[in-house]
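Me: I have a model open and want to walk through it with you. Can we start with a single residue and work outwards?

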Amino acid sequence: MKVHQIGNRTFADTSGEGRGNIGAIELQNYTVIIDSTLFPSTATTFRQSLETQIKSPIRKLVLTHYHADHVFGNQVFKDCEIISSVQLLHRMEEQARTFELRASDLKERPELAELKRLEMTLPTMTFEKTMSLRDGDFVIEITRVGGHTEGSSFVYFPQERILFSGDLIFAKEFPWAGDATCDPQEWMSALNLFKELDVETIVPGHGSICDKREIDKYLEFFEETTAVIRDLIDKGFTKREVLQYQDFPRFYTYERRKGAHERRSETFARWYDFYKQGSKE
Ligand SMILES: [Zn+2]
């Protein structure tokens with residue numbers, strides 16, 4: 001874990017140590033954190049290291065979406081205002097009711113043991129569509145776009161032309177798009193919106209810092225792959241047949257990564273359901 005300064009007032013750790021990335025923007029009088037990683041221990045290390053590099057106190061945490069690898073470190077910021085979309089709050093309330101650490105999970109991934117002491121820490125302030133944080137000469141714009149999950153939001157810091165995309169971008173990786181609320185059409189709209197923004201640097205939800213070229217790659221993959229799935233549905237393919245289909249466009253080296261086969265299958269299964277449902281309307 002290393003806190004990288006990526007702008008005059010912007011910081012991020014994209015090492016993957018906390019699974020999801022974590023970032024920060026220092027405004028005039030206070031500092032805002034973006035996402036909290038899967039592990040309270042990683043969030044603590046990030047916070048302590050960041051506090052040696054900034055002059056203002058950490059006052060707010062903004063969450064891009066409800067997945068565990070972006071919100072389970074929240075307890076480290078329980079002294080802060082925790083901001084999210086309304087949809088995220090509802091998903092996290094459900095998560096708080098249903099989350100359990102199974103013995104089989106711990107056996108497979110012993111590093112999850114620290115989550116035995118997880119304090120599920122929910123947002124304290126929500127927004128419907130957008131929220132701006134203004135402080136002195138600075139502004140942070142938060143916008144819900146959906147796509148990866150229905151509550152997925154991005155954080156834009158125009159003064160430094162930096163975008164925190166959340167999991168709408170897994171830089172140089174095949175994305176996980178298997179959430180039950182994943183909407184590939186909204187995802188493509190979000191990517192097109194990113195193209196319109198004046199952005200030089202992107203901090204993705206996973207993977208290293210990237211730039212707008214990654215958005216073009218993502219759009220191409222989404223457009224081609226969803227077209228194939230829609231075409232297969234029109235031809236009467238079942239979900240099982242779609243998952244066995246061999247001629248999807250290649251996108252990064254998903255076939256070599258651990259768990260990559262599941263990630264791909266879960267993604268295509270969700271997209272099949274999404275377009276199948278749409279084709280019946
Ligand atoms: Zn996610």
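Me: Where is Met92 found?
Reply: This is a predicted model. In it, Met92 is in helix α3.

Me: Is Met92 buried or exposed?
Reply: Buried. Met92 has 24 C-beta neighbours inside 10 Å, and the cut-off for buried is 20 or more.

Me: Which residues is Met92 in contact with, leaving aside neighbours within four places in sequence?
Reply: Tyr66, Val71, Leu122 and Pro123.

Me: And how many Å apart are Met92 and Glu224?
Reply: They are 33 Å apart, C-alpha to C-alpha. In sequence, 132 residues separate Met92 from Glu224.

Me: Which residues of α3 are buried?
Reply: Gln87, Leu88, Arg91 and Met92. Looking down the axis of α3, these buried residues fall within an arc of 125°, so they line one face of the helix.

Me: What does the face turned away from that side carry?
Reply: Exposed residues: Glu94, Ala96 and Arg97.

Me: What do the buried residues of α3 pack against?
Reply: They pack against α2 (68-71) and β6 (81-85).

Me: OK, sheets. What is the order of the 7 strands?
Reply: The order is β1-β2-β3-β4-β5-β6-β7. The sheet is open and its pairing is mixed.

Me: Which strands stand at the edges there?
Reply: β1 (4-5) and β7 (125-127). Each has a single partner strand, so one side of each is left without a neighbour in the sheet.

Me: Do β4 and β5 run parallel or antiparallel?
Reply: Parallel. There are 4 bridges between β4 (residues 31-34) and β5 (residues 58-62). Thr31, for one, has Ile58 as its bridge partner in β5.

Me: What about the loop between β4 and α1? Which residue is found there?
Reply: Asp35 is found in that loop. Its phi is near 65°, a positive value in a residue other than glycine. Most residues other than glycine have a negative phi.

Me: Is Asp35 buried or exposed?
Reply: Asp35 counts as buried, because it has 29 C-beta neighbours inside 10 Å.

Me: Switching to the sheet of 5 strands. What is the order?
Reply: β8-β9-β10-β11-β12, again an open sheet with mixed pairing. The edges are β8 (130-135) and β12 (201-206). From one strand to the next, the twist averages 20°.

Me: How do β10 and β11 run?
Reply: Antiparallel, with 3 bridges joining β10 (residues 153-157) to β11 (residues 162-170). Tyr156 stands opposite Leu163 in β11.

Me: What lies in the loop between β10 and β11?
Reply: Arg161 does. Arg161 has a positive phi of about 55°, although it is not a glycine. It is partly exposed, with 15 other C-beta atoms within 10 Å.

Me: In what sense do β11 and β12 pair?
Reply: In the parallel sense, over 5 bridges. In β12, Pro204 is the bridge partner of Gly166.

Me: How many residues of β12 are buried?
Reply: 5 of the 6, so β12 is largely enclosed by the rest of the structure.

Me: Now α6. What should its 23 residues span?
Reply: They should span 33 Å at 1.5 Å a residue. The end C-alpha atoms of α6 (residues 212-234) are 33 Å apart, which agrees. Its buried residues include Tyr218, Phe222 and Leu232. Just after α6, Gly236 takes a positive phi of about 90°.

Me: Last one, the whole protein. What radius of gyration would a compact globule with 281 residues have?
Reply: Near 19 Å, and the protein has 19 Å, which agrees. Its C-alpha atoms fill a box of roughly 60 × 45 × 35 Å along the principal axes. Buried residues make up 41% of the 281. The secondary structure comes to 8 helices and 12 strands.

Methods. Residues are numbered from 1 along each chain as its sequence is written. This is a predicted model: local features need pLDDT of at least 70, side-chain atom pairs count only at pLDDT 80 or more; totals for chains, interfaces and linings use all residues. A residue is buried if 20 or more other C-beta atoms lie within 10 Å of its own, exposed if 12 or fewer, and partly exposed in between; C-beta atoms are placed from the backbone. Helices (H or I, at least four residues) and strands (E, at least two) are DSSP runs, numbered from the N terminus. The arc is that of the directions from the helix axis to the C-beta atoms. Two residues are in contact if their C-beta atoms, placed from the backbone, lie within 7 Å. The radius of gyration is taken over C-alpha atoms; the globule rule is 2.2 Å times the number of residues to the power 0.38. Two strands pair if DSSP finds at least two bridges between them. Axes are lines fitted to C-alpha atoms, for helices over the stretch in contact, and angles run from 0 to 180 degrees between N-to-C directions. The expected span of a helix is 1.5 Å times one less than its number of residues.
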